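Work through the exercises below with the sequence and the model side by side. Try each task before reading its solution.

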Amino acid sequence: MNRPDSFQRLRRLGAAALLAALAACGGKAPSGEPAAPAAAAPARLSLIPAPASMQPGAGVFALAADTPLQGEGEAALTVARQFATLLAQGRDLALEPTAASGDAKGAIVFRLDPARAAAGREAYLLEVTGDGVSVSAGDAAGLFYGAMTLLQLATLDDAGQVALPAVRIEDAPRFGWRGFMLDPARHFWDVDQVKQVIDMMALHKLNTLHWHLTDDQGWRVEIRQYPKLTEVGACRIPSGDGGIEPATGQPRRYCGFYTQDQVRDVVAYAGERHITVVPEVNVPGHATAAIAAYPELGSTDRRLVPSSEWGVFPNLVNAEEETYRFLENVIAELIPLFPGTYFHIGGDEAVKDQWEASARVQQRMREVGATTEMEMQSHLVARLEKFLAGHGKRLIGWDEILEGPLPAEATVMSWRGIEGGLKAARAGHDVVMSPSSDLYLDYLQTSSAHEPPGRPATITLKQVYDFEPVPAELEEANRGHILGLQANLWTEHTRTFERLQHHMFPRLAAVAETGWSPEARKDYADFLQRLPAQLRRWQRWNIGYALTPFQVDAVAEDDRTAGTVRVTLSNPLGYEIRYTTDGEDPGAGSPLYSAPVDVSLPAKLRAAAFFEGRPLAPARGFDWDAASLLSRSDEQLAACPEGGALLLRLEDDGPADGERAIFNTDIFYPCWQWNGAELDGIAAVKVRAGRIPYYFQLAHDEPARRFEPARSAHGELDVFAGGCKGQRVASVPLPAAPGADGFLELEAELPPDLSGRQDLCLRFTGDSRPQMWVLDRVSLQPR
């Protein structure tokens, strides 16, 4: 059993970027002098998520090292200890929890109150006066959430003295399912990291961890009856240089799984923080790792291995009775490990090609009366639903399970938009809303060149915050079927824990507010006003949130003839921007950005986003000279409009450890465009390109992938003026391979009469499989 003070593991989350942010943002007034102790309650109670009801009072309750901290009963005392641990971490103030003595004056008291049970198990009442603090609830869960709110009140400012503002908060969540999905199948997270995720969820009143334990790339949980699931299925060889041991040149395996004892440990740890863990074993698709371990489960004669590629795979388990029993045996081993109500069986992206081609599956369909392959999948879902119900569990699956007959008791997780959720609720099924369009946190959150690798498109903080789980068009009678919402973070491109945190925050805080706060209390502008205080809490708790939403981006429009640039600054969240042109970091008194700035070359500009006189992140510096204006990185180029529009931000395949180059590329169409390139006096285009494995399975989307036929042995780099439908003005043959560092430089001469501003299109020809060229930088070479 883990001690409640295991929140201390949050101390080990720090990263260099976060420490830089802390230096920029924490503990100082704008002048650089230490902040004065608070003498009165802050003007704004910056709580996230926003409480259901909050009535500020007059005055404050000052905390000191000798402030009594009491719990009435063992459950309340446990919560008091959890609060004390986090308070010590956040404010270096150590209080000693004790059993209640009866004298509550001048004390912080946690108590279970049976009279409050009617408000719900997660509801609580928090009262702060000048004489003391009381947190009461009908259940330990509500008491814990009251403690999390009290913790935020104690970390509102940077004062040396901690003063709690007088307030009465009566609070309860809007939704019962406030979830986050963690994917260790693609990139594995060890037990300590999973517990860190649980801690972060608990601080934001999230209550459901969906643990995606199996997929094509790995089987991550011990099943004692079937040891090969982890002996074989828990290891893969990464693509390219990442799968080669540098010292020996031998294959380098990527492995990881949780023993059943580790699962019990994680589930107990989550339970102490009132988080239910929902396991997922995905069938009939996303099953490559399982079939690699036990080929008799598959629907193909081809020998499989756990995949090092990403995407949608054709490999399905078969429909034999022995396979059904295998799945039931696996689930039977897992059920005792997870005391929660739900068990997730996946059901998504099960491409039916192998079933259609299998005479045995077709015969099996006839045996069970399935007229389509989707009905065959529904037969499997119904079998598992009955098995789970017999063990006191409820089946939940991705919204594809709606495409065939579905047992009435099944719950649907709607990920392909909200349409599946609407259909399921109208059919009487409970629903968790989790649309990829709004709640997939592995999508990029800004257009910054400093974003880590991620999936296509951008899901901003505002987009996450604005998502409404109960669609307006859903009839009132069916709205009760919406259990809540869940953010998902798939980890194909998330190789490090620092990147995982970057993708999670600040967007997971927006998910938490939607899940907890009344719809009428939601206000994005107000959320942004409360968010800076939360940043300072995250710094104290060593949560490595993304800096990119709080930094400044710059776009420079050059006038090479005049020797000037016009600089447009922006902050993704719309906070005020202050800047300097003398090389110094901006402060609260620096010029406020309001319109594009004209500067002469060479130019230096530093800019930061501010809130109430504080920088929200370290300042960014931007330098321009005549040479830099002739060069663009891949992040500064546009995707060609004629392409397939599957833009990804991809990481290089090597080195095996450490930082790797990152490329923006459209895997459907290897083409980039420099819009409005100034070509006067330009003799040639120089391109630095890299080469990475093409590691994608596209299933039925494969025909959408395009490439121009190669005209020579290894293809060409083609350059077009006037866009990709314009004139081809240069072409350079590609070599068989890049240099030893994985890169090459190509120079393409341009016609002497080419001039003016034109859209310059750069495109690689030839099939992009099994290796694809990616553009790193393009430079214009003067005559």
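**Exercise 1.** Are F144 and Y145 buried or exposed?

Solution. Begin with the source. This is a predicted model, in which local features need pLDDT of at least 70, side-chain atom pairs count only at pLDDT 80 or more, and totals for chains, interfaces and linings use all residues. Residues are numbered from 1 along each chain as its sequence is written, and side-chain values use heavy atoms, with hydrogens and water left out.

Next, take the term. Buried means under 20% relative accessible area, exposed means over 50%, and partly exposed lies in between, with a 1.4 Å probe and protein chains only. By this rule both F144 and Y145 are buried.

**Exercise 2.** How is the aromatic pair of W415 and Y440 classed, stacked or edge-to-face?

Solution. Step one is the rule. Rings of Phe, Tyr and Trp (its six-membered ring) pair if their centres lie within 6.5 Å; planes under 30 degrees apart count as stacked, over 60 as edge-to-face and the rest as tilted. Step two is to read the geometry. W415 and Y440 have 6.3 Å centre to centre and 15 degrees between the planes, and the pair is stacked.

Step three is the place in the chain. Helices (H or I, at least four residues) and strands (E, at least two) are DSSP runs, numbered from the N terminus. W415 lies in the loop between β18 (411-414) and α12 (419-426), and Y440 in the loop between α13 (436-439) and β20 (443-444), so the pair ties together parts that are 25 residues apart in sequence. W415 and Y440 are both buried. They also belong to one aromatic cluster, formed by W398, W415, Y440, Y443 and W490.

**Exercise 3.** Which residues lie over the faces of Y324 and Y465?

Solution. A charge sits over a ring if NZ of Lys or CZ of Arg is within 6 Å of the ring centre and within 35 degrees of the ring normal. For Y324 the residue is R364, at 5.5 Å from the ring centre. For Y465 the residue is K522, at 4.4 Å from the ring centre.

**Exercise 4.** At what angle do helices α8 and α11 pack?

Solution. Two packed helices are described by the angle between their axes and the distance between the axes. Axes are lines fitted to C-alpha atoms, for helices over the stretch in contact, and angles run from 0 to 180 degrees between N-to-C directions. Helix α8 (residues 321-334) and helix α11 (residues 373-390) pack at about 40 degrees, with axes 11 Å apart.

The next step is the hand. A crossing is left-handed if the near helix is turned anticlockwise from the far one by less than a right angle, and right-handed if clockwise. The crossing of α8 and α11 is right-handed.

Last come the residues. Contact means heavy atoms within 4.5 Å. On the α8 side E321, Y324, R325, L327, E328, I331 and A332 take part, and they meet M376, H379, L380, R383, L384, F387 and L388 of α11. For sorting, Ala, Val, Leu, Ile, Met, Phe, Trp, Tyr, Cys and Pro count as nonpolar, Asp, Glu, Lys and Arg as charged, and the others, Gly among them, as polar. The residues of this contact divide into nine nonpolar, one polar and four charged.

**Exercise 5.** Where is F663, and what does F663 touch?

Solution. F663 is placed in strand β33 (residues 662-666). F663 has 0% relative accessibility and therefore counts as buried. F663 and E651 are 12 residues apart in sequence, while their C-alpha atoms are 6.3 Å apart in space.

**Exercise 6.** What is phi of H274?

Solution. H274 is not a glycine, yet its phi is positive, about 60 degrees. H274 is in the loop between α6 (260-272) and β14 (276-283). At 17% relative accessibility, H274 counts as buried.
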